[in-house]
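Student: Could you pick one part of this protein and take me through it slowly? I'd like to see how it sits among its neighbours and then in the whole chain.

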Amino acid sequence: MKDLKTALITGASSGIGAATARLLAQKDIQLILCGRRQERLHELQQELSSKTNVQTLVFDVRNREEVLKSIQSLPESFSKIDILINNAGNAHGLDPIQNGNWEDWDNMIDGNVKGLLYVSQAVIPGMTNRNSGQIINIGSIAAKEVYTNGNVYCASKHAVDAITKGMRIDLNPHGIRVGAIHPGMVLTEFSEVRFKGDKSRAENVYKGFDPLLAKDIAEIIDFMISRPSHVTIGDIVVLPTAQASSTVLHKKS
Ligand code: NDP
Ligand code: 8X3
């Protein structure tokens, strides 16, 4: 029996996280799939269980106690986490700061920033004890640039960029690899969440050009984790070819 690595993926119930789970399931990696939507996680577990061992954990990354309790509840065979993919997150709203909704702000700061920290806090001690591990944080082009009405979402992703750099420095003595991927527009449920279920507004975001697909990001994650142990990929910005920056997008008319 092969010695399987273990990866914990947050936000595995949809989009980039689900695509990553599907790809890593084919790579001798056992999976811990996390999210709030239990039914979706169970469906994915069923789909992948013929390929690898899969555990699901249902928690809201904003709830620190839930996060710690869930991760501590993992059975022994899943307790040594080699790879942490901090992917859970969303944008909520796209409003000028003067019209911003504080609940949206809380959602983004608590989910995208504090949630990433809570999950990391639960996983990192095992990695530092073993002096090995890899953490991949999903940032965004919004971590590198600020665009109109992106204010708090951009701030939350700038924080992910800074936290990634800080983690890489602090975990350096332990030989833990830390990197981030910063995608431009990826066709997932992201815009549906940002626009609070308005499907036609969400679909419009991706019309007239070829956006990135969730599996494009999954392939980059697979590349990062399959490098030899002396290689850390620290930072990747990946864009649809039609997108030159967060605001320059060439749509076919
Ligand atoms: P989706 O909306 O398809 O997926 C978001 C995932 O995050 C879901 O699985 C959701 O699970 C999970 N999630 C969100 N909030 C919470 C929470 N509070 N607690 C636990 N899980 C949560 O979008 P994407 O796949 O596109 O998003 C994944 C990451 O990629 C995010 O960090 C996003 O900011 C980033 N990103 C996306 C881009 C895009 O254009 N799509 C571009 C750049 C970055 P559930 O609802 O079940 O809890
Ligand atoms: C998601 C991409 O351009 O909406 O992070 O910020 S963008």
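This is a predicted model: local features need pLDDT of at least 70, side-chain atom pairs count only at pLDDT 80 or more; totals for chains, interfaces and linings use all residues.

Now for the neighbours. Strand 1, residues 5–9, pairs with strand 4 in the parallel sense, over 3 bridges. To find one of these contacts, look for Ala7, whose bridge partner in strand 4 is Ile83. Strand 4 also pairs with strand 5, residues 134–138; these two run parallel and are joined by 4 bridges. Here you can look for Leu84, which stands opposite Ile135 in strand 5. So how does the chain get from strand 4 to strand 5, and what is the handedness of the crossover? It goes through helix 4, and this β-α-β crossover is right-handed.

Covering residues 102–130, helix 4 supplies at least two residues of the shell around ligand 1, and so do helix 1 (15–24) and helix 6 (190–194). Helix 1 gives the largest share, 3 residues. There are 29 residues around ligand 1, and those that come nearest are Gly11, Gly15, Arg36, Gly89 and Phe190. Sorted by class, this shell has 10 nonpolar, 14 polar and 5 charged residues.

Phe190 turns up again around ligand 2, together with Ser140, Ile141, Ala142, Gly150, Gly184, Met185 and Ser246. That shell holds 4 nonpolar and 4 polar residues, but no charged ones.

Finally, let's zoom out. The protein chain has 8 helices and 9 strands in total, and buried residues make up 42% of its 253 residues. Among contacts with a separation of 6 or more, 70% are between residues 24 or more positions apart. The C-alpha trace spans about 55 × 35 × 35 Å along its principal axes. As for overall packing, a compact globule of 253 residues would have a radius of gyration near 18 Å, and the chain has 18 Å, so the two agree.

How values were computed
Residues are numbered from 1 along each chain as its sequence is written. Chains are lettered from A and ligands numbered from 1 in the order in which they are written. A residue is near a molecule or strand if its C-beta atom, placed from the backbone, lies within 6 Å of it. Ala, Val, Leu, Ile, Met, Phe, Trp, Tyr, Cys and Pro count as nonpolar, Asp, Glu, Lys and Arg as charged, and the others, Gly among them, as polar. Two strands pair if DSSP finds at least two bridges between them. A crossover is right-handed if, with the strands pointing away from the viewer, the path from the first strand over the helix to the second runs clockwise. The radius of gyration is taken over C-alpha atoms; the globule rule is 2.2 Å times the number of residues to the power 0.38. A residue is buried if 20 or more other C-beta atoms lie within 10 Å of its own, exposed if 12 or fewer, and partly exposed in between; C-beta atoms are placed from the backbone. Two residues are in contact if their C-beta atoms, placed from the backbone, lie within 7 Å.
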